[in-house]
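Work through the exercises below with the sequence and the coordinates open. Each task is followed by a stepwise solution.

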Amino acid sequence: MHSIDLNCDLGESFGAYTIGLDETVTPHVTSVNIACGWHAGDPLVMERTVALAKQCGVAIGAHPGFPDLLGFGRRELKVSPDEVYSYVKYQIGALYAFARSHHMELQHMKAHGSLYNMAGKDIRLAEAMCRACRDFDSQLILLALAGSKMEEAAQQMGVPCAREFFADRAYSPDGSLAPRSMPGAVLHDTQVALDRVVKMIQTGKVTAIDGTEIPVACDSICVHGDNESAVAFVTAIRHRLEEEGIACRPFGASLR
């Protein structure tokens, strides 16, 4: 029987600003990536989000990004591998304080935005990210874009790695995510996204934005919780997976 994890980025509100539908989306996923205060989030939000995850019985992971609140971590910064190493370790440590106080373990680390995309293509940055995970906890799982330099670095360094597929994002022929600036990069048709997910799980392939078929191995599906259709989308995915006999459970159960 096939099984898959559903992950979602959470805790991205900040101060007086509310971003995302955390309370309504969380019960429908199996793992959550919690912002650590740099691209989004703040200590109060981190506290509430960890408590929410515990209440809903979902696994938690750190979601570090660039120190760029104004750009929401989506602007590329010129950084060295040493900076990436320290940035990631610092933010994992921040979330760990909240997790420990709630008697929860960190299952994984998933980078955010441009930090994620840059490490997906630059092996030196990917290695620094893996080193930060390993030095914090050798059992911490790196959640990485399938087929990326992050996955490659994790395999070379012996870091546990879960491979991620994006349900609502188009893929370039090289397996990377199509830039958001490109027409069709974000999918808004729920049925199209559902069919892609099932095809990927059953065949290990996805149709790229140019129509070519590319291989994709996957342990977790990313669903977004920052728009009005998020709840309907994630519940539709879970219902479709159940119809196909595909169970939903955290990837940590099988990778550790």
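Contact here means heavy atoms within 4.5 Å. The model is predicted, so local features need pLDDT of at least 70, side-chain atom pairs count only at pLDDT 80 or more, and totals for chains, interfaces and linings use all residues. Residues are numbered from 1 along each chain as its sequence is written, and side-chain values use heavy atoms, with hydrogens and water left out.

**Exercise 1.** Find what Ile-60 touches, leaving out residues up to four places away in sequence.

Step 1. The contacts of Ile-60 include Val-32, Ile-34, Val-50 and Ala-53.
Step 2. Further on in the sequence, Ile-60 also touches Ala-99 and Met-104, then Glu-105, Leu-106, Gln-107 and His-108.
Step 3. Ile-60 is one of the residues that touch the most other members of the largest nonpolar core, which has 75 residues. Such a core is a set of buried Ala, Val, Leu, Ile, Met, Phe, Trp, Tyr and Cys residues joined through side-chain atoms within 4.5 Å; buried means under 20% relative accessible area, exposed over 50%, partly exposed in between (1.4 Å probe, protein chains only).
Step 4. Eight residues of this core come from helix α3 (residues 81-101), the element that gives the most. Helices (H or I, at least four residues) and strands (E, at least two) are DSSP runs, numbered from the N terminus.

**Exercise 2.** Describe how the ring of Trp-38 is placed against that of Tyr-87 and that of Tyr-90.

Step 1. Rings of Phe, Tyr and Trp (its six-membered ring) pair if their centres lie within 6.5 Å; planes under 30 degrees apart are stacked, over 60 edge-to-face, the rest tilted.
Step 2. Trp-38 and Tyr-87 are 5.1 Å apart centre to centre with 75° between the planes, an edge-to-face pair.
Step 3. Trp-38 sits in the loop between β2 (31-35) and α2 (43-56), and Tyr-87 in helix α3, 49 residues apart.
Step 4. For Trp-38 and Tyr-90 the centres are 5.3 Å apart and the planes at 35°, so this pair is tilted.
Step 5. Tyr-87 is buried at 18% relative accessible area, whereas Tyr-90 is exposed at 55%.
Step 6. Trp-38, Tyr-87 and Tyr-90 form one aromatic cluster.

**Exercise 3.** Is Ser-114 buried or exposed, and which residues is Ser-114 in contact with beyond four places in sequence?

Step 1. Ser-114 belongs to helix α4 (residues 113-121).
Step 2. Its relative accessibility is 5%, so Ser-114 counts as buried.
Step 3. The contacts of Ser-114 are Phe-66, Gly-73, Arg-74, Arg-75 and Glu-76.
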